[in-house]
Amino acid sequence: MSATALPEKGRFDHTFFAVFATFLVAAVLVGFGPTFYLKPFFTSPPISRTIVWVHGFVMAAWVLLFIAQVYFVSSKKIKLHQKLGIAGVGLAVLVFVVGLLTSIAAAKYGSPSTPANVDRLEFMIIPFGDMLVFALLFGAAIYYRKKPANHKRLMLLLAITLLPAAIARFPGGLTDSFGPLWFYGLPTLVILALIGLDTWKTGKLNKIFLIAGTFVIAAFWARLPLGSTQAWLGFASWITA
């Protein structure tokens with residue numbers, strides 16, 4: 001191996017993250033393209049609220065940041081990766097705040113993304129929960145920023161938390177037919193597969209990856225029954241008043 005060649009594991013990691021970044025962009029475009037990013041080419045309901053536009057562009061910026069960070073690491077531009085990471089903290093705060101405001105507005109005024117047969121306050125726990133999980137994972141990733149093995153796995157899980165909202169909007173009626181088994185089931189399988197693949201590739205189980213992955217999966221499924229509880233509905237009623 002030449003002095004400039006990457007170790008086998010490094011090559012695998014960089015290739016994997018590049019493939020996942022491509023998949024994430026494709027999922028976002030397929031899911032949100034018809035109603036937002038590619039809206040001029042489709043017939044879809046008009047976007048009447050400014051917060052929805054802001055949310056869409058902020059989330060696009062976050063996906064682009066993820067892609068840029070993957071590129072900088074794979075090309076060994078670590079200093080640029082670190083500098084952009086500082087700016088990423090500010091963007092993460094914006095993602096969190098705008099995401100919460102968007103979920104509150106959708107519950108208060110209605111949204112095409114809310115299923116017709118689901119109460120708006122009950123449904124709010126899904127996007128609201130997404131932002132809480134986002135904040136906790138990002139905080140953990142920042143805490144482990146000097147431990148790359150943990151940091152990159154946490155950022156990977158953070159990217160995976162964006163998938164349910166995108167794939168729930170995939171064409172073909174998959175969400176109508178299978179509901180949470182589709183938009184939470186697929187990301188759950190992805191997380192379990194990645195933990196297994198990572199353990200097999202490295203020869204050891206990364207405990208942070210396991211704990212954080214288990215937390216994300218639990219957060220996917222636990223919020224569904226919690227959304228119909230009086231505690232949540234009372235909170236949702238208060239925050240949307």
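Where is the place of N206? N206 sits in the loop between α10 (185-202) and α11 (207-226); helices here are DSSP runs of H or I with at least four residues, numbered from the N terminus. Before going further, keep in mind that this is a predicted model, where local features need pLDDT of at least 70 and side-chain atom pairs count only at pLDDT 80 or more, while totals for chains, interfaces and linings use all residues. Residues are numbered from 1 along each chain as its sequence is written, and side-chain values use heavy atoms, with hydrogens and water left out.

Back to N206. Its relative accessibility is 14%, so it counts as buried (under 20% relative accessible area, with exposed being over 50% and partly exposed in between, using a 1.4 Å probe and protein chains only). A polar atom of the N206 side chain lies 2.8 Å from the backbone nitrogen of F209. Setting aside neighbours within four places in sequence, N206 is in contact (heavy atoms within 4.5 Å) with A149, N150, R153 and D198.

Two of those names turn up again as partners. R153 forms a salt bridge with D198, and their closest N and O atoms are 2.6 Å apart. That pair links distant parts of the chain, with R153 in helix α6 (residues 148-160) and D198 in helix α10, 45 residues apart. R153 counts as buried because its relative accessibility is 7%, and D198 does so at 12%. The term salt bridge means a side-chain nitrogen of Lys or Arg within 4 Å of a carboxyl oxygen of Asp or Glu. By this rule the count comes to 2. D130 and R223 form a salt bridge too, with the closest N and O atoms 2.7 Å apart. Here D130 belongs to helix α5 and R223 to helix α11, 93 residues apart, and both are buried.

Finally, look at K108 in helix α3 (residues 78-109). K108 is partly exposed, because its relative accessible area is 36%. Beyond residues up to four places away in sequence, K108 touches R120, T240 and A241.

How values were computed. Helix = DSSP H or I, 4+ residues; strand = E, 2+ residues; numbered from the N terminus. Polar contact = N/O pair within 3.5 Å; in protein donor to acceptor, adjacent residues only side chain to side chain.
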